[in-house]
Each structure stands twice: as C-alpha cells, then as structure tokens.
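This report describes the fold, the packing and selected local features of one protein chain. The sequence and the model are shown first.

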Amino acid sequence: MKKWMYIFIVLCVGLACSSDDSNTKARLSDSKEIISFQFLAAENPSTIPIDIEGTINEDEITLLVPHRAMVSFIFPSIEVSDRASYSPQGPQDFNAPLTYTVTAEDGSTADYTVTVEENRSARPLSEIVNYFRFLAEENPVDTDIEGTIIDGEDKIIMTVPIGTPVTNLIARIGTTDIDGTVGDFALPASDYTNGQVFGFFEQDGTSIFIIIEIEFE
C-alpha cells in the first residue's frame, strides 16, 4: 500500500512539473516583426541628408536613398516587436541586399531582406540644370565661365584659365523643376580644387547629385 502511494505521488509531481513548463512556454511571446526600418540623417550626417523610411512588404524592406548616396557604412534605426531582438546590429554595408533576422522571446525567428535603391531623378541632367556659371563680377576671372553639361555622367565641366585661383569660387546655377518651375541660385563660395558635388531634389522626391569638375586651359 505504501509503495503504490509513493508511486502515485511521484507521478503527480511529474505531471505538475510538466504542466508548469508548458505554461511557461505559453507565456513567451512569438512576435518577431520589424515594425519600422529607417536611415536617420542625425545618425548618418556625412552620408544621408534626409530621414528615409523603409517600405515594408511582408519580408521585403526597400529604402530609396538620394542619388550617389554612400551606403557602405550606415547606422539603421530599427523597431521590432516587443521582447524581440534582431541581428545584425550596428552600422552595415547596404551596397547589396542584406538579411536581418528577428528573434522572438520564444526563440522562433523571421528573416527580412533589406534592399537599398538610388532614388535618382528620371530626367537627364540637361533637363534639370539650365546653366552653371562662374560670373566675372563675383569671381577672380576675366570673363564669365559657362559650364559644359555632360548627360549620362551627371557631370559639369568648368574650364578656366591656367593660374585661376579656385579655392573660393561662387557659382550660379539655373534649374528647372519637374513642374516647370525655373530657379536661379547663388551657391556658397566653395573650394573647387578637387571638384564639388551638389544635390538637387525634385518635387516628386527624387534627386540628382551633380559632380562639378575644374579643367585648366
């Protein structure tokens, strides 16, 4: 009689333990979603000029960055489900699609593929920039210098006389926006020794970054 009672007690204790383990697992969250994926300008001041919100479509995330944006060392801002974690963390190279793994509290995982694409304007450079000039009245040149616009390379060549100081030049740029709005802007005095890059953002959210190169004649 005592032997059977002992076995009965052991079995009951074992069942209770199993029940407790099951309840513990049931309380663990299985949520493993990426809620938002962003590139913030404040966290990437030398590479991203504006905040960029990723578009999440099931397990695919796409971010449209400005034309010529350097994405080899970007700190993403990521929000995931409560009590979940993700990897990799920290700055990443987004020149190729990258897989992020979100791990839920219960250990289950979900993979997301993050793709970064350039959001370049569909228009050629010559439709966006009407002219790029160094005016004689604003710069140490004898005559106005008119830039040569090169479509396909998004580049403007400024040919100046040999010996022209190019460390503090003021440029004038004329532009036409996608809706036909014409603008004339004086750019801040800049050092063109190694060229310059200027960005132009269209009203539809696309952009073009223009390389300015100096040639001497």
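Leaving aside its neighbours within four places in sequence, with which residues is Ser207 in contact? In this predicted model, Ser207 belongs to strand S16, which covers residues 207-216. Beyond its sequence neighbours within four places, Ser207 is in contact with Pro66 and His67, with Asn119, Arg120 and Ser121, and with Phe200 and Phe201. The relative accessibility of Ser207 is 1%, so this residue counts as buried.

**Overall composition**

The protein chain contains two helices and 16 strands. Of its 217 residues, 37% count as buried. Among contacts between residues at least 6 apart in sequence, 55% join residues at least 24 apart.

In soluble globular proteins, nonpolar side chains tend to be buried together. Here the largest nonpolar core comprises 23 residues, and those with the most contacts inside it are Ile34, Phe37, Phe39, Leu63, Phe94 and Tyr100. At least two residues of this core come from each of strands S1 (34-39), S4 (60-65), S5 (76-80), S7 (98-103) and S8 (109-118). S8 provides the largest share, four residues. Another core, of 22 residues, lies apart from it and includes Val129, Ile156, Phe200 and Ile214.

The surroundings of Phe39 can be listed in detail. Not counting residues up to four places away in sequence, Phe39 touches Ile48, Ile50, Asp51, Ile52, Leu63, Val65, Ile74, Phe75, Pro76, Phe94 and Val116.

**Strand pairing**

Strands S2, S1 and S5 form an open sheet in the order S2-S1-S5, with antiparallel pairing. S2 (52-53) and S5 stand at the edges with a single partner strand each, so one side of each has no neighbour in the sheet. S1 and S2 are joined over two bridges, and Gln38 stands opposite Glu53 in S2.

S3 (residues 55-57) and S4 are antiparallel over three bridges, with Ile56 bridged to Ile61 in S4. These two strands form a hairpin with two residues between them, and Glu58 in the turn has a positive phi of about 60°. S4 and S8, by contrast, pair in the parallel sense over six bridges; Val65 stands opposite Glu118 in S8.

| Strand pair | Sense | Bridges |
|---|---|---|
| S1 and S2 | antiparallel | two bridges |
| S3 and S4 | antiparallel | three bridges |
| S4 and S8 | parallel | six bridges |

**The largest pocket**

Rolling a probe the size of a water molecule over the atoms shows where empty space is left. The largest pocket has a volume of about 150 Å³. Its lining consists of Pro45, Ser46, Thr47, Ile48, Pro49, Pro66, His67, Arg68, Ala69, Met70 and Phe209. These lining residues divide into seven nonpolar, three polar and one charged.

**Loops and backbone geometry**

Most residues other than glycine have a negative phi, and most peptide bonds are trans. Several sites in this model depart from that pattern. In the loop between S5 and S6, Arg83 has a positive phi near 70°. Asp154, in the loop between strand S11 (148-150) and strand S12 (155-160), has a positive phi near 50°. Its relative accessible area is 7%, and Asp154 is therefore buried. A cis peptide bond, with omega about 0°, joins Ser87 and Pro88; Pro88 is in the loop between S6 and S7.

Ala84 also lies in the loop between S5 and strand S6 (85-87). Is Ala84 buried or exposed? With a relative accessibility of 18%, Ala84 counts as buried, because the cut-off is under 20%. Ala84 and Thr103 are separated by 19 residues in sequence, yet their C-alpha atoms are 5.5 Å apart in space. Leaving aside neighbours within four places in sequence, Ala84 is in contact with Ser31, Val102, Thr103 and Ala104.

Definitions and conventions: Residues numbered from 1 in each chain as written. Predicted model: local features only at pLDDT ≥ 70, side-chain atom pairs only at ≥ 80, totals over all residues. Heavy atoms only, no water. Core = buried A, V, L, I, M, F, W, Y, C linked by side-chain atoms within 4.5 Å. Buried < 20%, exposed > 50% of the residue type's maximum accessible area, 1.4 Å probe, protein only. Contact = heavy atoms within 4.5 Å. Pairing = 2+ DSSP bridges. 1 Å grid on protein atoms, 1.4 Å probe; cavity = no way out; pocket = protein on both sides within 12 Å on 5 of 7 lines; lining within 4 Å. Points joined across faces, edges and corners; volume = space filled by probe spheres on them. Nonpolar A, V, L, I, M, F, W, Y, C, P; charged D, E, K, R; others polar.
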